[in-house]
There are 2 protein chains.
Amino acid sequence: MTTSGCELCNEDGGEIIFRNDKLHVVLIDDANYPGFCRVIWNAHVSEMTDLPPSDRSVLMRTVCQVETALREVLQPEKINLASLGNMVPHLHWHLIPRFADDAHFPKPVWAQSVRQTPTAVLAQRRALLPALRAAVARHVSCEA
Amino acid sequence: MTTSGCELCNEDGGEIIFRNDKLHVVLIDDANYPGFCRVIWNAHVSEMTDLPPSDRSVLMRTVCQVETALREVLQPEKINLASLGNMVPHLHWHLIPRFADDAHFPKPVWAQSVRQTPTAVLAQRRALLPALRAAVARHVSCEA
């Protein structure tokens, strides 16, 4: 089901790094957060509990597989997971690798930023994105 | 396992409304967000992928049961789910019922607030908390 006017029904929502019939995983181009991924349910539903339990499991298994890939490649201080959808009520999970020197740490990325991460550090993290794409494809496709 | 110095190893983290051997559900006393709940894993682990897959499923099933109770009783505009843990890296999920007239909507609750919700509206929502406690106990315990 698609809903006209819904951004995530009409657009990929980022660079697609995995897609199957139920969901897709995208890499977000965020200057402060290289490796920021989203797992987006393909059909237009708003809440986790709008899905049948078996599909909730499929979605969270994929979220955890992407988390595994992020930890393996980027080795962040912390992973942040969130399903908010106040602006775009089409079920999607944010997966954000967090580092002690990132723009908001230890606050959530939606708070006021507290520092500027050095450009060279961000460039080092961006250089890991090809490995991240490969790790996501490997972890998600081998169990999906 | 407990970790000395970890707030969620040493404290309940709120008013306990459900507890079993693996996890507990607490109601948070947040003036702007009546019904704000957390589902906290009892043992000290940091990330979802630190749990074996079977325990990830147990945890997310409980998160969804609490979401069901929140939707049933409070009928919010949106449910926000998040596992952040940058400050307290002990696995816990935030469940926040969001309303169009709440302090931050449509922004995340960690952003700058954009309005003051009328006191009478907050009081009406707080009046639903006994029903919420009962609904959480019913939804979680019948399947846990």
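1. Polar contacts. Between chain B and chain A, 22 residue pairs are in polar contact, both residues at pLDDT 80 or more. A polar contact is a pair of N or O atoms within 3.5 Å; within protein, one must be able to donate a hydrogen and the other to accept it, and residues adjacent in sequence count only if both atoms are side-chain atoms. On chain B's side, the elements giving two or more residues are α2 (53–74), β4 (78–83) and β5 (92–98). Helices (H or I, at least four residues) and strands (E, at least two) are DSSP runs, numbered from the N terminus.

2. Basis. This is a predicted model: local features need pLDDT of at least 70, side-chain atom pairs count only at pLDDT 80 or more, and totals for chains, interfaces and linings use all residues. Residues are numbered from 1 along each chain as its sequence is written, chains are lettered from A and ligands numbered from 1 in the order in which they are written, and side-chain values use heavy atoms, leaving out hydrogens and water.

3. Size of the contact. Chain B gives 32 residues and chain A gives 32 residues; contact means heavy atoms within 4.5 Å. About 2,700 Å² is buried between the chains, and carbon and sulfur atoms give 54% of it. Buried area is the accessible area (1.4 Å probe) that two parts lose on being put together, summed over both.

4. Strand β4 (residues 78–83) of chain A pairs with β4(B) in the antiparallel sense, over three bridges. Pairing requires that DSSP find at least two bridges between the strands. A:Ala82 stands opposite B:Ala82.

5. Salt bridges between chains. There are four between chain B and chain A. The term means a side-chain nitrogen of Lys or Arg within 4 Å of a carboxyl oxygen of Asp or Glu. One joins B:Arg71 to A:Asp50, with the closest N and O atoms 3.0 Å apart.

6. Salt bridges over all chains. The whole structure has 14. Among them is A:Arg98 with A:Asp102, at 2.7 Å. A:Arg98 is buried, at 0% relative accessibility, and A:Asp102 is buried at 1%. Buried means under 20% relative accessible area, exposed over 50%, partly exposed in between (1.4 Å probe, protein chains only).

7. A link within chain B. B:Lys22 forms a salt bridge with B:Asp55, at 2.8 Å. B:Lys22 lies in the loop between β1 and β2 (23–27) and B:Asp55 in helix α2, so the pair ties together parts 33 residues apart in sequence. B:Lys22 is partly exposed at 30%, whereas B:Asp55 is buried at 12%.
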